[in-house]
Amino acid sequence: MTNAYANYEWFLKEDLNDYAGKWLAIIDKKVVASGAEVNQVIQEVNKKYPNKKPLITKVKDKLSIL
């Protein structure tokens with residue numbers, strides 16, 4: 001089982017451009033649900049993985065420059 005920090009680290013390093021502007025649910029370093037509405041993503045992941053705690057995050061749709 002991957003912990004929440006490991007999922008977050010994976011999210012920061014992974015190329016997720018295909019999900020630009022979408023909400024993601026990540027479990028065990030895998031995107032298990034995605035969509036435009038966070039409530040939809042949460043419902044989907046809770047139905048598929050009732051005993052898991054996903055990382056829920058949104059992929060920016062534009063490049064951020066620091």
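1. Ground rules. This is a predicted model, in which local features need pLDDT of at least 70 and side-chain atom pairs count only at pLDDT 80 or more, while totals for chains, interfaces and linings use all residues. Residues are numbered from 1 along each chain as its sequence is written, and side-chain values use heavy atoms, with hydrogens and water left out.

2. Overall layout. The protein chain has two helices and three strands, in the order α-β-β-α-β along the sequence. Those elements are DSSP runs numbered from the N terminus: H or I of at least four residues for helices, E of at least two for strands.

3. Size. For 66 residues, a compact globule would have a radius of gyration near 11 Å, and the chain's 12 Å agrees with that. The radius is taken over C-alpha atoms, and the globule rule is 2.2 Å times the number of residues to the power 0.38. Along the principal axes, the C-alpha atoms fill a box of roughly 35 × 25 × 15 Å.

4. Surface and burial. Accessible surface totals about 5,200 Å², with 49% of it belonging to carbon and sulfur atoms; the areas come from Shrake-Rupley with a 1.4 Å probe, and for residues only the protein chains shown count as cover. Of the 66 residues, 26% count as buried.

5. The patch around Y8. Y8 sits in helix α1 (residues 4–13), and together with Y5 and L12 it makes a nonpolar surface patch of about 350 Å². Patch members need over 30% relative accessible area and no salt bridge; nonpolar side chains (Val, Leu, Ile, Met, Phe, Trp, Tyr) are joined within 5 Å, like charges within 9 Å. A salt bridge, for the record, is a side-chain nitrogen of Lys or Arg within 4 Å of a carboxyl oxygen of Asp or Glu.

6. Strand β1. Four of the five residues of β1 are buried, so β1 is largely enclosed by the rest of the structure. Residues 23–27 make up β1, which runs antiparallel to β3 with four bridges. Five bridges join β1 to β2 (residues 30–35), again antiparallel; strands pair if DSSP finds at least two bridges between them. I26 has V31 as its bridge partner in β2. The β1–β2 hairpin has two residues between the strands, and D28 takes a positive phi near 50 degrees there.

7. Strand β3 and T57. In a regular strand the side chains alternate between the two faces of the sheet. In β3 (residues 55–58), L55 and T57 are on the covered face, with I56 and K58 on the uncovered one. A25 stands opposite I56, and L24 stands opposite T57. T57 and L24 are 33 residues apart along the chain, yet their C-alpha atoms are separated by 5.4 Å. T57 is buried at 15% relative accessible area, and the residues T57 touches, beyond four places away in sequence, are F11, K22, W23, L24 and I26.

8. Contacts overall. Taking contact as heavy atoms within 4.5 Å, 43% of contacts between residues at least 6 apart in sequence join residues at least 24 apart.

Note on methods
Buried means under 20% relative accessible area, exposed over 50%, partly exposed in between (1.4 Å probe, protein chains only).
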